[in-house]
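I open this notebook to record what I looked up in the structure below. The entries follow the order in which I consulted the model.

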Amino acid sequence: MSIVETADAEGSVSLHQRILSDISERIMSGAWAPGHRIPFEHELSVQYNCSRMTVNKALSQLAKAGLIERRRRSGSFVRRPQSQAAVLEIHDIRIEVEALGLPYRYERVARNKRRSGAEDRALLELANPGLVLALECRHFAGKRPFAHEELINLTAVPEAADEEFVAIAPGPWLIGRVPWSEAEHRIRAVAADRHIAAALDIEAGAPCLVVERRTWSADHPVTHVRFTYAAESHTLVARFRPSQG
């Protein structure tokens, strides 16, 4: 739900809309991070020189929009944005982030072209050793890390061997160049190790959701990718119909 400013009869922004705009701007810009306590109603009423009813109306609308969480006797707190991804689809993480109304940013952490190891061959179903390209990336929603990505793909995709993946994430790059014919998703819960905790800016041991995806093109393995999300920020959705007959 979007929060749109409206004007009062005189053409100036009402106090209710000003409170909405000020708080939502602080949240969307990252100035107030998830978990930040919003000033109490009486504090806001003094700050804006208005009634608590006006403040309550604004906070209720922010809660309905999913930006804040109101807790009885504790106050209001900035919610961590929660995204939804379809289990049966392959799409760009940018779309997930922009659906939250937050600016998207991508960062390549590491790129390593190497000879495949036993784990690589198992993940990619390779019978013989060969070259693979291993990538580590981070995706951001606003100022906060949104997802950690580890991808291994065959350098048999010729352009991938020379692509640095600095300006573009590997997912949309590969989808645009390699027509996949089959994909598999495996989903599991893990506790963040120190590396993932640092990458996602969460506590070590915090619950995470891992989505592992393998893709094939005409029965030939193309990629193995592992996306790791902070559990509280991500939801997976599958929609299906009963089989006929």
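Helices (H or I, at least four residues) and strands (E, at least two) are DSSP runs, numbered from the N terminus.

**Entry 1: basis of the model.** I note that this is a predicted model, in which local features need pLDDT of at least 70, side-chain atom pairs count only at pLDDT 80 or more, and totals for chains, interfaces and linings use all residues. Residues are numbered from 1 along each chain as its sequence is written, and side-chain values use heavy atoms, with hydrogens and water left out.

**Entry 2: the three-stranded sheet.** I read the strand order as β1-β3-β2, in an open sheet with antiparallel pairing. β1 (37-38) and β2 (68-71) are the edge strands, each with a single partner, so one side of each lacks a neighbour in the sheet. Helix α3 (residues 52-64) packs on this sheet and touches β1, β2 and β3, contact being heavy atoms within 4.5 Å. The direction of α3 makes about 120 degrees with that of β2; axes are lines fitted to C-alpha atoms, for helices over the stretch in contact, and angles run from 0 to 180 degrees between N-to-C directions. I also located Arg-71, which stands opposite Gly-75 in β3.

**Entry 3: helix α1.** I checked the span of α1 (residues 15-29): its 15 residues reach 21 Å from first C-alpha to last, close to the 21 Å expected at 1.5 Å a residue. The expected span is 1.5 Å times one less than the number of residues. Among the buried residues of α1 are His-16, Ile-19, Leu-20, Ile-23 and Ile-27; buried means under 20% relative accessible area, exposed over 50%, and partly exposed in between (1.4 Å probe, protein chains only). The buried residues of α1 pack against β1, α2 (41-48), α3, β2 and β3. Gly-30 follows α1 and has a positive phi, near 90 degrees.

**Entry 4: the six-stranded sheet.** I traced an open sheet in the order β5-β6-β7-β10-β9-β8, with antiparallel pairing. β5 and β8 (182-191) stand at its edges with a single partner strand each, so one side of each is left without a neighbour in the sheet. Ten bridges pair β6 with β7, and Leu-135 has Leu-151 in β7 as its bridge partner. α6 packs on the sheet, touching β5, β6, β7 and β10.

**Entry 5: strand β10.** Why is β10 largely enclosed by the rest of the structure? I found that ten of its eleven residues are buried, so the rest of the structure largely encloses β10. Six bridges join β10 to β7, and ten join β10 to strand β9 (residues 207-217). β9 and β10 form a hairpin with two residues between them, and Ala-218 in the turn has a positive phi of about 50 degrees.

**Entry 6: cores.** I looked up the largest nonpolar core, which has 24 residues; such a core is a set of buried Ala, Val, Leu, Ile, Met, Phe, Trp, Tyr and Cys residues joined through side-chain atoms within 4.5 Å. Ile-93, Val-97, Phe-146, Val-157 and Tyr-229 have the most contacts inside this core. A second, separate core of 17 residues includes Trp-32, Leu-44, Val-55 and Ile-68.

How values were computed:
Pairing = 2+ DSSP bridges.
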